[in-house]
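Subject: Structure handover

Hello,

Here is the structure I promised you. Please open it and keep it beside this email while you read.

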Amino acid sequence: MSYDLVIIGGGPGGYNCAIRAGQLGLKTAIIESRGKLGGTCLNVGCIPSKALLHASEYFEAATKTFPSMGVKVSGVELDLPQMLKQKDDAVDGLTKGVEFLMKKNKVDYVKGFGRIAGKGRVEVTGPDGAKQTLETKNIVIATGSEPTPLPGIDIDEDRIVSSTGALSLKQVPKKLIVVGAGVIGLELGSVWRRVGAEVTVVEFLDKITPTVDSEISTAFQKILKKQGVKFELGHKVVGVEKLRDRLEVTIEPAKGGQARTLEADVVLVAIGRRPFTRDLGLEAVGIKTDQRGFIPHDGHFKAADGVYVIGDVTTGPMLAHKAEEEGIAVAQIVAGQWGHVNYDVIPNVIYTYPEVATVGKSEEELKAAGVEYKVGKFNFMANSRARTNHETDGLVKVLEEVATKKVVGVHMVGAGVGEMIGEICVAMEFGASAEDIARTCHAHPTMSEAIREAAKGVDGWVMQS
């Protein structure tokens, strides 16, 4: 069978590309080796981690927050098997939903490992080892990423785990060491801290969430420390010894110095992710990866004649929604329509409690680029809804470019800011100034009023603090 488009990889980038291609009337096939659509995000990433974050928030609220709100509870117990089951149920329902969307949009779902066999040809090795070749006018590589290993450390997904193993621990560890203070490590570390683990985060750099605006990152770390998370910043893990009843983790200063040993029951290696490009047959169409292993493209997602690349496997932020935007853009380009992604307006959210949400440039980036800017800030402590909800940790920070009077970055840490960032993305897409946001009526009392007050702060007229 001949196709207009064959997509290798069934994650958010791939399946959204397939849906849009189907809507546009393209004969489309999607290949996935996992056995379930949805990719890392849906199966062992974004979705299951959020299910555990949500459930563990409930548990901690019942044990720590309810009494201060005048709600007395007794006999609260952790049912870890049920917590894991509801996570698995959510994943199962959503993966089946994605498969239904393939049928709805007349996309052929091919189970197996896809490999480019030459221009316009993709060889698929099925679960049973049988091979078939799909002929196509266009190929999309959407194979995503995998956890970056830590040299010298064997991940067994039992006591030394990646993010995948950390989603299914059979019991709560007494001591959990997280290697890496990025999004994945802090989110999963938060899950297990809430249900009883003592969590220590070891980070090579001297700050957590290294890509986040420094002021927000510092405020975020203070909040996590107040919650009980311990940090070993500026340190690296150089070895993990497995003993019968514990793990001994050797760390030393990143800049050199005396090594120390920490004890743990479980070690989570979360030092980032790397693009998945193994055995894809890239050489058959003349594609070479860059020094970091990513597949480069021409600025319009084309990696070779008739071959496009999207998502984690190419450059840009490793985010599901970035992959989705690229998938939609490529489907439209293949269909002869306009396709574009605005990389200046890609939000990023850390789903801890409180959340961190950012979009656009940080202060550090603006300074490095020599851009003159103005800043407005507002603390949630002065927000009426935050005070009534006992959710006063955090702040909103708005950055506006002086020359254009456009908002070029917003950075927030606080309860629910992951939902609030959407307002900012819309504003930035329409080229809003801080004054545009400040003069837009917001409902009272809401957490989003903090955005309005921070926007007022850019021009010096904050009213609520």
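How many bridges join strand β4 to strand β5, and do they run parallel or antiparallel? Five bridges join β4 (residues 113-118) to β5 (residues 121-125), and the two run antiparallel. Two strands count as paired if DSSP finds at least two bridges between them. Ile-116 stands opposite Val-122 in β5. The pair forms a hairpin with two residues between the strands. In that hairpin, Gly-120 takes a positive phi near 75 degrees.

A word on the model first. It is predicted, so local features need pLDDT of at least 70 and side-chain atom pairs count only at pLDDT 80 or more, while totals for chains, interfaces and linings use all residues. Residues are numbered from 1 along each chain as its sequence is written, and side-chain values use heavy atoms, with hydrogens and water left out.

The whole chain

The chain has 13 helices and 23 strands. Both are DSSP runs, numbered from the N terminus: helices are H or I with at least four residues, strands are E with at least two. The C-alpha atoms fill a box of roughly 65 × 60 × 50 Å along the principal axes. For 465 residues, a compact globule would have a radius of gyration near 23 Å, and the chain agrees, because its own value is 23 Å. That radius is taken over C-alpha atoms, and the globule rule is 2.2 Å times the number of residues to the power 0.38. Buried residues make up 50% of the 465. Buried means under 20% relative accessible area, exposed over 50%, and partly exposed in between (1.4 Å probe, protein chains only). Take the contacts between residues at least 6 apart in sequence: 62% of them join residues at least 24 apart. A contact means heavy atoms within 4.5 Å.

Strands of a sheet pair through backbone hydrogen bonds, either parallel or antiparallel. Four bridges join β10 (residues 198-203) to β11. Val-201 stands opposite Phe-231 in β11.

The buried residues of α3 include Leu-52, Leu-53 and Phe-59. Their cover includes α2 (39-44), α4 (80-104) and α6.

A covered strand

Which residues of β20 are partnered, and by what? Val-356 in β20 stands opposite Ile-350, and its bridge partner in β23 is Val-413. Strand β19 (residues 348-350) pairs with β20 in the antiparallel sense over three bridges. A hairpin of four residues joins β19 to β20. β20 and β23 (residues 406-414) are also antiparallel, over six bridges. β20 (residues 355-360) is mostly covered: five of its six residues are buried.

Best wishes
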